[in-house]
Amino acid sequence: MSSEGTPAIVSLHAVTDDEEVRPVIDRDRARAAVADLLVALGQDLRSPHLAETPRRAADALIELLTREPFRATTFPNDEGYDDLVVVAGIPFHSLCEHHLLPFRGVAHLGYLPGDRLVGLSKLARIVEQFSRALQVQERMTRQLAEWLEHELAPRGTGVVLEAEHLCMSLRGPRIVGSVTTTRSFMGLLRDDARLRREFESRCDAAGRERTR
């Protein structure tokens, strides 16, 4: 937590596996807290059906909030590739920091290379890294774009996230199947409408392929 009491966001910029600050997890305390919550909600923990629920629920939340060790792999753009690199339709799931309910969907990441390229699998890995946190979709979109900017210094960056939020579909308005779309564009992808349309058309093509 920050000194103002707001959640602190740990940057992944240029952080190695050994240097990354990892949250301290107290499993026993988490399980006790889940048990207390269930009792506060009027549930009977003497029921054999709930006997293991505090453990299971705490372990599930810990898994959803724990990042796997990760190191980005970038390499010189020796061939001078200068067209868009787009990885579309990367599945992800995260936890809404407001209701602790999941939101899930797909991420589309792209960049116009400068002097360096990134291993394609690492784009999927970085989506997973930022999703394993208490998140809001808008912040996660921006974090992904800023990571690409910081690690690659590309000529342009585009990130689009499409997700369904269970805090909307299961509670409140109960709008089942609604999709929230967020975008972040930097550099030439922000300034050049033609490049932006090309990036978005590749995202749309991936979406159509998924629905076939």
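Me: What is the accessible surface of the chain, and what share belongs to carbon and sulfur atoms?
Reply: This is a predicted model. The accessible surface comes to about 12,400 Å². Carbon and sulfur atoms hold 53% of that area.

Me: Why is L134 called partly exposed?
Reply: Its relative accessible area is 36%. Buried means under 20%, and exposed means over 50%. L134 falls in between, so partly exposed is the term.

Me: What makes L134 part of a nonpolar surface patch?
Reply: A patch residue needs over 30% relative accessible area. L134 has 36%, so that cut-off is passed. L61, L65, L100 and L134 make the patch, with an area of about 300 Å².

Me: What makes residues 134–135 a strand?
Reply: They form β5, where L134 sits. A strand needs at least two residues in a DSSP E run, so residues 134–135 qualify.

Me: How many helices and strands does the chain have, and in which order do they run?
Reply: There are 7 helices and 7 strands. From the N terminus the order is α-α-β-β-β-β-α-β-α-β-α-β-α-α.

Me: What share of the residues is buried?
Reply: Buried residues make up 35% of the 212 in the chain.

Me: What is the confidence in the chain, and where is the pLDDT below 50?
Reply: The average pLDDT is 87, and 86% of the residues score at least 70. Over residues 1–19 the pLDDT is below 50. That stretch has 29 contacts in the model beyond near neighbours in sequence. Where pLDDT is low, predicted coordinates should not be read in detail.

Terms used. Residues numbered from 1 in each chain as written. Predicted model: local features only at pLDDT ≥ 70, side-chain atom pairs only at ≥ 80, totals over all residues. Heavy atoms only, no water. Helix = DSSP H or I, 4+ residues; strand = E, 2+ residues; numbered from the N terminus. Buried < 20%, exposed > 50% of the residue type's maximum accessible area, 1.4 Å probe, protein only. Areas by Shrake-Rupley, 256 points an atom, 1.4 Å probe, with all protein chains shown as cover. pLDDT = per-residue confidence, 0-100. Contact = heavy atoms within 4.5 Å. Patch = residues over 30% accessible without salt bridge, like charges linked within 9 Å, V, L, I, M, F, W, Y side chains within 5 Å. Salt bridge = Lys/Arg side-chain N within 4 Å of Asp/Glu carboxyl O.
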